[in-house]
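Open the model in your viewer and keep the selection panel at hand. This tour goes stop by stop, from one side chain to the whole fold and back.

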Amino acid sequence: IIADDWVLPIQLAINWGEIAVIVPEIRVLETAEILRKITKDAQCEMRKRALLIYDRYLSTGRGIVAGIVEGLEKTKAANLPVPPAGYKCVTLESGGSECKKVNS
């Protein structure tokens, strides 16, 4: 995924860093090098996790709804704000949170 501030589907339930390579736009020219540095074992593990995530959350409408509900439950449990459309909220080191408008 080559993007900055992109809101990924069901990101509160899915740890996209475990199943995708996310490259900041400023490093787009380094993409091939970044991908080459991922070991075969790590690639295999990412593929396995991606398939599990797909089966659990993305392959059916029921899974998508389950992912949304799970994400909202995690948000509530962590006392995080639910971001309005077009915003992304992050937890700060201080323990607070901050919501920023996502560039479109």
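Select Ile22: is this residue buried, partly exposed or exposed? Ile22 is partly exposed, with a relative accessible area of 42%. The scale is this: buried means under 20% relative accessible area, exposed over 50%, and partly exposed in between (1.4 Å probe, protein chains only).

Before moving on, note that this is a predicted model: local features need pLDDT of at least 70, side-chain atom pairs count only at pLDDT 80 or more, and totals for chains, interfaces and linings use all residues. Residues are numbered from 1 along each chain as its sequence is written, and side-chain values use heavy atoms, with hydrogens and water left out.

**Stop 1: the patch around Ile22**

Stay on Ile22. It is found in the segment before helix H1 (31-36). Helices (H or I, at least four residues) and strands (E, at least two) are DSSP runs, numbered from the N terminus. With Ile22 they make a nonpolar surface patch of about 290 Å². Patches are made of residues with over 30% relative accessible area and no salt bridge; like charges are joined within 9 Å, nonpolar side chains (Val, Leu, Ile, Met, Phe, Trp, Tyr) within 5 Å.

**Stop 2: zoom out**

Show the cartoon. The protein has 3 helices and 2 strands. Along the sequence the pattern reads α-α-α-β-β. The C-alpha atoms fill a box of roughly 40 × 30 × 25 Å, taken along the principal axes.

Switch to the surface. The accessible surface comes to about 7,800 Å², and 58% of it belongs to carbon and sulfur atoms. Accessible areas come from the Shrake-Rupley method with a 1.4 Å probe; for residues, only the protein chains shown count as cover. Of the 104 residues, 21% are buried.

Contacts mean heavy atoms within 4.5 Å. Among contacts between residues at least 6 apart in sequence, 35% join residues at least 24 apart.

**Stop 3: Asp5**

Select Asp5, also in the segment before H1. Asp5 is partly exposed, at 37% relative accessible area. Leaving out residues up to four places away in sequence, Asp5 touches Val102 and Asn103. Now draw a distance to Glu25. The two C-alpha atoms are separated by 9.8 Å, with the residues 20 apart along the chain.

**Stop 4: the core**

Which residues form the largest nonpolar core? Select Leu8, Ile10, Ala13, Ile14, Trp16, Ile19, Ala20, Ile53 and Tyr57, 9 residues in total. A nonpolar core is a set of buried Ala, Val, Leu, Ile, Met, Phe, Trp, Tyr and Cys residues joined through side-chain atoms within 4.5 Å.

Centre on Ile10. Ile10 lies in the segment before H1. Ile10 is buried, with a relative accessible area of 16%. Check the backbone: Ile10 has a positive phi of about 50° although it is not a glycine.

Move to Tyr57. Beyond residues up to four places away in sequence, Tyr57 touches Ile10, Ala13, Ile14, Gly63, Ile64, Ala66, Gly67 and Glu70.

**Stop 5**

Glu70 sits in helix H3 (residues 61-77). Why does Glu70 count as buried? Because its relative accessibility is 18%.

Show the side chains of Glu70 and Arg56. They meet in a salt bridge (3.1 Å, N to O). The pair links distant parts of the chain: Glu70 in helix H3 and Arg56 in helix H2 (residues 40-58), 14 residues apart. A salt bridge is a side-chain nitrogen of Lys or Arg within 4 Å of a carboxyl oxygen of Asp or Glu. Side chains of opposite charge can pair when their charged atoms come close.

For contrast, pick Lys40. Glu70 and Lys40 are 30 residues apart in sequence and 31 Å apart in space, C-alpha to C-alpha.

**Stop 6: the other salt bridges**

How many salt bridges are there by this rule? The count comes to 3.

- Select Arg27 and Glu30: their side chains meet at 3.0 Å, N to O. Arg27 is partly exposed at 35%, and Glu30 is partly exposed at 32%.
- Select Glu33 and Lys37: their side chains meet at 3.3 Å, N to O. Glu33 is partly exposed at 39%, whereas Lys37 is exposed at 61%.
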